[in-house]
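Hello,

Here is the structure I promised to pass on to you.

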Amino acid sequence: MGDALFYVFGALMVLFTFLTIRARNPVYSAIFMILSFASTAALFVMLDAFLLAAVEVLVYAGAIMVLFLFVIMLINLRAAEHDGLRVSPLVVLVALTFLLLLGRGIADLGPVPAGANELVGTPQLVAKTLFTRYVVPFEAVSILLLSAILGTVVLARRSGEA
Amino acid sequence: MNIDTSQLFAIFGVESLLGLLGLVLIVTDLLVGKGRLTGPATAVRTLAFGGLVAIFAWSFVLEPGAEGALGTLDSFALFFKRFFLATAVATLGVAAPYEDRLSAGRAEFPTLLVFTTLGMCLLSSANDFVTLFVGLELVTVVLFLMAAYRPQLPRSIEAGIKFVVIGALSAAFMVYGIAFVYGTTGSFEFSQISAVINAQESLPAGLKFGLLMVLVGLGFKLGAVPFHIWIPDVYQGAPTPTTAFLSVGSKAVGVVLLMRLVYTVMGPAAAQWTTVLAGLAALTLLMGGLGAIPQTELKRFLGYSGISHAGFLLVALATHSEASAGAILFYVVTYLFANMAAFLVIVIVSRTDDDNHMDRINGLANRSPFLALVLTTSMLSLAGVPPFAGFFAKFMVLRAAVAEPALVWLVAFSLLMAVTSLYYYLCILKRIYMRDAVDTGFLEISGGARLLLLLCMLAVFAFGIYQQPLVQAAEAGASSLFR
Amino acid sequence: MIPLEHWLYLSGMVFTLGLCGVLMRRNVILVLMSIEIMLNAANLALVAFNKYLPPDPATGATAPDGQVFVFFTIAVAAAEVAVALAIAMALFRRLDTVNVDDVANLRW
């Protein structure tokens with residue numbers, strides 16, 4: 001049962017991602033992307049990463065995608081891209097090279113990965129690691145968010161003087 | 001796991017002070033500037049300058065050696081912390097005469113600069129891929145903002161958007177690579193990854209794939225071919241102080257992390273990557289050398305020049321010896337002085353507008369002999385002409401590389417490219433001394449700018465003639481990578 | 001139980017789709033969304049790897065390092081998107097376009 005769900009949600013994730021990059025209308029793209037993130041959250045649950053599943057829905061599908069939708073609406077991006085997708089031999093070449101390297105990498109992961117372990121991503125466990133072992137990058141992220149706010153305020157001003 | 005707070009502050013003292021300084025700057029801006037976005041930012045700029053200089057001075061009191069699970073303060077990290085602080089101080093110097101051209105966010109510019117410097121210092125102490133990723137993103141995201149800092153100028157905003165797309169793309173590759181390194185070694189920590197790598201006869205393809213993707217991500221920062229495409233446009237479009245900071249800081253960030261990864265994490269196993277790095281080095285040298293020739297825009301020209309310097313740094317990385325690591329450290333310092341001087345001259349000669357066409361320096365020798373002398377020194381040092389510091393830096397890199405028989409072809413090729421590059425640096429000198437001035441307006445050089453230019457010029461001279469102190473510092477810095 | 005390889009093939013497929021999106025779309029907003037897809041695929045790989053790592057012999061349990069890393073990528077992605085969209089908005093206000101082909105410097 002659990003295994004079948006992996007293939008269901010995996011297929012959904014690929015399908016919605018494909019629709020995201022394919023849709024002519026940016027609003028459709030954003031909606032498909034939210035669905036793709038929702039499938040990812042379901043897959044996180046299957047990996048016992050419960051807290052992350054919640055964060056994925058709240059932050060990714062919630063906050064980040066709303067930001068995207070907001071900007072799409074704000075600049076009134078209804079018009080579809082006029083000449084469609086840009087497909088060139090280069091795109092195919094880059095994608096195929098990447099897939100080839102990746103396939104070889106996945107086929108030979110070395111001795112370290114073992115079978116599935118008992119790890120369950122509860123809030124306590126994740127928070128404990130986050131605030132002890134990774135407290136320095138955590139503080140760095142707070143600085144990052146602060147400077148992002150600071151800089152966006154400067155950029156977002158109406159350009160009164162040219 | 002318990003955290004030893006005093007140890008934490010011993011390792012991350014510089015970063016804590018920089019964070020504090022940034023917060024003080026924000027509060028000062030709110031109190032003094034009363035929340036206005038325009039108007040002079042003298043208070044904030046002075047405070048930022050004083051704070052950075054004080055932290056820079058304090059960093060010389062620090063002793064290397066503090067080490068913990070969360071980070072490391074070895075002599076290598078300390079060397080680069082001082083380097084990044086010096087870069088930030090010099091960037092403030094370049095920004096001061098430019099401030100009038102920023103219509104908004106004058107007070108925020110030093111604050112953002114302090115926060116990026118924090119990220120850079122953090123990176124030099126990084127001990128694991130989590131800190132590496134977060135620090136790198138702190139640096140790049142703030143640099144995105146600083147590149148698009150004049151949104152009323154189409155060029156600046158275009159530079160910003162191009163930088164964002166390419167930077168975010170490289171971050172995505174990097175995260176994917178880190179995932180594979182993590183999955184195949186079981187840890188984010190450099191020491192444990194190194195242990196796993198060097199315990200195996202040949203690396204599994206999954207780990208190689210991960211390391212390759214991480215190298216791709218760092219290649220973007222360094223500006224190595226084929227990840228250099230953003231450099232000319234972003235250098236040209238971004239406000240000049242940002243370009244100055246980007247050219248030295250972002251490159252040094254790539255250097256710090258590549259050195260940590262290649263020398264410490266991969267260790268002896270890095271020998272398998274020599275061919276890859278040497279190939280990249282040759283391509284980068286070629287691209288930088290050929291790309292610079294047709295340029296007529298000063299900042300774009302310095303962008304291509306920076307690409308060929310990245311090529312020289314890659315030659316040293318491919319060599320993989322303690323001597324070459326020391327050479328890299330020496331190289332970046334000489335690059336800092338020569339580059340900062342060049343960008344400050346650009347700010348001054350472009351006066352009030354942002355037209356940085358090469359015509360602006362025509363006849364500079366008649367208009368301002370001082371600026372002409374500084375720019376000449378800096379160009380000759382970048383070109384690697386004796387007796388300037390840049391010559392000795394290139395000499396150290398090539399001397400280390402020639403010891404490796406497999407790299408003799410690369411040394412020969414680098415020499416060829418160095419000689420070729422002389423041509424376009426001499427073209428600049430020809431404009432300074434032989435052409436008639438196009439722009440005859442008065443060049444205003446403030447006292448601070450004069451001091452900074454003089455300092456850079458003296459450093460380029462001094463380290464070219466009497467290299468010993470810097471060589472010793474560089475070798476001491478590099479030695480801690482090879483323990 | 002699903003083998004680790006299947007998780008990785010799934011994440012690889014999504015990552016490649018995102019990469020194709022970056023290369024093929026002309027709209028900056030869509031390019032940024034494609035990059036988010038790539039990051040999301042990388043997150044899936046991180047969590048999957050974390051689930052399949054052997055326990056630490058000292059503690060007998062696997063540390064949730066991979067999951068913590070995903071936290072950081074999500075937080076960083078949020079900041080990055082905010083900055084990127086602010087710049088895209090400024091681009092739109094200035095040049096009335098978000099089409100990468102209309103931006104002279106953006107041809108690559």
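Chain B averages a pLDDT of 89, and 98% of the residues score at least 70; pLDDT is the predictor's confidence in each residue, from 0 to 100. Among the elements of chain B, helix α1 (residues 5-11) has the lowest mean pLDDT, 85, while α6(B) has the highest, 95. Helices (H or I, at least four residues) and strands (E, at least two) are DSSP runs, numbered from the N terminus. Chain C averages 87, with 92% of the residues at 70 or more. In chain C the lowest confidence is in helix α3 (residues 65-95), at a mean of 91, and the highest is in helix α2 (residues 28-51), at 94. The model as a whole scores ipTM 0.94 and pTM 0.94. As a rule, where pLDDT is low, the predicted coordinates should not be read in detail.

Two notes on reading all this. This is a predicted model, in which local features need pLDDT of at least 70 and side-chain atom pairs count only at pLDDT 80 or more, while totals for chains, interfaces and linings use all residues. Residues are numbered from 1 along each chain as its sequence is written, and chains are lettered from A and ligands numbered from 1 in the order in which they are written.

Now for chain A and chain C. The secondary structure of chain A comes to six helices and zero strands. Its radius of gyration is 20 Å, well over the 15 Å that the globule rule gives for 162 residues, so chain A is more spread out than a compact globule. (The radius is taken over C-alpha atoms, and the rule is 2.2 Å times the number of residues to the power 0.38.) Along the principal axes, the C-alpha atoms of chain A fill a box of roughly 60 × 45 × 30 Å.

Chain C has three helices and zero strands. Chain C is also more spread out than a compact globule, because its radius of gyration is 18 Å, well over the 13 Å that the globule rule gives for 108 residues. The C-alpha trace of chain C spans about 60 × 25 × 20 Å along its principal axes.

How much of each chain is buried? Of the 162 residues of chain A, 36% count as buried; of the 108 residues of chain C, 69% do. A residue is buried if 20 or more other C-beta atoms lie within 10 Å of its own, exposed if 12 or fewer, and partly exposed in between, with C-beta atoms placed from the backbone.

Next, where the chains meet. Two residues are in contact if their C-beta atoms, placed from the backbone, lie within 7 Å. By that test, 64 residues of chain A are in contact with 65 residues of chain C. On the side of chain A that touches chain C, α3(A) gives the most, with 10 residues. By class, that side of chain A has 48 nonpolar, 11 polar and five charged residues. Ala, Val, Leu, Ile, Met, Phe, Trp, Tyr, Cys and Pro count as nonpolar, Asp, Glu, Lys and Arg as charged, and the others, Gly among them, as polar.

Chain B meets chain A too: 41 residues of chain B are in contact with 31 residues of chain A. The largest share of the side of chain B that touches chain A, nine residues, comes from α6(B). That side of chain B has 25 nonpolar, 14 polar and two charged residues.

What about the inside? The largest nonpolar core has 293 residues, and A172(B), M340(B) and A42(C) are among those with the most contacts inside it. Such a core is a set of buried Ala, Val, Leu, Ile, Met, Phe, Trp, Tyr and Cys residues joined through C-beta atoms within 7 Å. Its largest share, 22 residues, comes from helix α14 (residues 322-349) of chain B. Leaving out residues up to four places away in sequence, A42(C) touches residues including A172(B), V175(B) and F15(C).

Helix α4 (residues 75-95) of chain B is mostly covered, with 19 of its 21 residues buried. N362(B) sits in the loop between α14 and α15 (364-367) of chain B. N362(B) is buried, with 21 other C-beta atoms within 10 Å. The C-alpha atoms of N362(B) and Y433(B) are separated by 7.5 Å, although the two are 71 residues apart along the chain.

Enjoy exploring!
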